[in-house]
Amino acid sequence: MTDGWRPAWAEVDLDAIRHNAGVLRELTAPAALCAVVKADGYGHGAVPVARAALDGGATWLAVALVEEGVALRAAGIDAPVLLLSEPPVDALGEVVAHRLVPTLYTAKGVEAAAGAAGATLPVHVKVDTGMHRVGATPDDAVAVARAVADAPSLELQGFWTHLAVADEPDDPYTTEQLERFEDARRRLAGAGLDPELVHAANSAGAIAHPAARYDLVRCGIALYGEAPSPAVGAAIGLRPALSLKAGVSFVKPLAAGERVSYGLRWRADRDTVLATVPIGYADGVTRRLSAVGGEVLVGGRRCPIAGTVTMDQITVDCGPGATVAPGDEVVLIGRQGEEEVTAAEWAARLDTISYEVLCGIGSRVPRVHRNL
C-alpha cells in the first residue's frame, strides 16, 4: 500500500522491466534496444522504468514529447533519448540544451534544428512507408536526409520508419512497408549517405519480423510485459510489470433482489456480501467494465463487479457468506493466489488494447515501485 489516505495503488515491479529488457535484447541481438518510455512509461513511471530498462540492457530511450525527454534529463538519466516525432520549432532550444535526439521529416524542421544547434546535433530522419501519420514520403526522405547531412551543425545519425500492422503477422503489409523502406535506403546510399542507425521495429516488429530489426529496435508494450497482440509475443517469457490494487473500504450484507449503484442496473440474484472498493473511472477503471463482466480478485477468488463503476468507487459481489473485511486487498490487475486478471483480459472485454488499459490508469493512483 501507499502512504496516502486512500487505499488504492499501482505496484510496478522493476525487476520485471529489467527481465523484459533482457529478453528483448537477447531475442533481437545484435540490434540495440531502445526502451520506449513515453506517456510516463505507459503509466508505469518513466524515470524508474527508464533506469530499470537501462539496467536490463537497453542503450537508448524514446519519448513522444520534448517535456518527457527533459524530465528524464532532470532525473539525471544520461542515455541517448530519441524524440519520436519532429519537435515544435519553438522547442528546439530545449532539445539542444538537454541533448535530446530529434526526429525530423520536413525542410522547415531541418532548417529550424540547424539554426538551434550550437555544436553538432545528431538527428534521425523518419520515412513514412505506409503508416501515414508522420514522416517524409519515400520520395522526399532522401532530400530531407541530404539537407541534414549538408547542415554543418547537424549529423544524420539515424534513418527510420514505423510499422502499422506488425502485430498481425499474417498481414503482408509489413513486408510491403519494409520493401519501401529498403528502396528508400538504396536511394539514400545512392546519394552517398550512410547513417549510423537504421531502425523500423516496434515491439511486434522486433518479436515477429526479424527482417525489421536492423541496428535498433524500439520496444514499448513488450518492455512492460504485455504481448503486442494475442498473435505476437505470448511465448517469449515476458513478465507483466504492473499490478493495480486497492483495499476494501466498506462491507455490507445484501439481500436477494436488491439493486446496486447508479441506474440500479445490477440486481442480486441471491443473498450475498457486497464490498465497496475506493477506485473508479477517474482512476482508469472504465465505466464499461461493469457492463462486460469485469472481475476482481478478493481472497484469491474472482468476484464480479456489481453495478455501475462510479467515479471514485466500485462495488463487488463477494458471494454468499464471504468473509471479507475493510482493509482486505483487492486486485484489479495482477495476481492473487492462483488467480490472475491481466491488462489483456481487460482489453479483450473492452474491445481495446492493453496499451490503453495501462496508460489509462489515472495520475491520482500512486505508483509504488518495487525492486528499485
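C359 sits at 38% relative accessibility, so it counts as partly exposed. Keep in mind that this is a predicted model.

- C34 is in no disulfide, and its nearest cysteine sulfur, the one in C219, lies 8.4 Å away.
- C34 is buried, with a relative accessible area of 0%.
- For C359, the closest cysteine sulfur is again in C219, but at 16 Å that is too far for a bond, given that a disulfide needs the two sulfur atoms within 2.5 Å.

**N20, tucked inside**
- N20 belongs to helix 1, which covers residues 14-28.
- With a relative accessible area of 0%, N20 is buried.
- The N20 side chain reaches the backbone oxygen of L223 at 3.0 Å.
- Beyond its neighbours within four places in sequence, N20 is in contact with A222, L223, Y224 and G225, and also with G237, L238 and R239.

**The largest pocket**
- The volume of the largest pocket comes to about 610 Å³.
- It has 29 lining residues, and K38, Y42, H162, N202 and Y355 are the closest to its centre.
- Helix 2 gives the largest share of the lining, with three residues.
- By residue type, the lining splits into 19 nonpolar, five polar and five charged.

How values were computed. Residues are numbered from 1 along each chain as its sequence is written. This is a predicted model: local features need pLDDT of at least 70, side-chain atom pairs count only at pLDDT 80 or more; totals for chains, interfaces and linings use all residues. Side-chain values use heavy atoms; hydrogens and water are left out. On a 1 Å grid over the protein atoms alone, a cavity is a set of points where a 1.4 Å probe fits but cannot get out, and a pocket is an open set with protein on both sides within 12 Å along at least five of seven lines; lining residues have an atom within 4 Å of a point. Grid points are joined across faces, edges and corners, and a volume is the space filled by probe spheres set on the points. Helices (H or I, at least four residues) and strands (E, at least two) are DSSP runs, numbered from the N terminus. Ala, Val, Leu, Ile, Met, Phe, Trp, Tyr, Cys and Pro count as nonpolar, Asp, Glu, Lys and Arg as charged, and the others, Gly among them, as polar. Buried means under 20% relative accessible area, exposed over 50%, partly exposed in between (1.4 Å probe, protein chains only). A polar contact is a pair of N or O atoms within 3.5 Å; within protein, one must be able to donate a hydrogen and the other to accept it, and residues adjacent in sequence count only if both atoms are side-chain atoms. Contact means heavy atoms within 4.5 Å.
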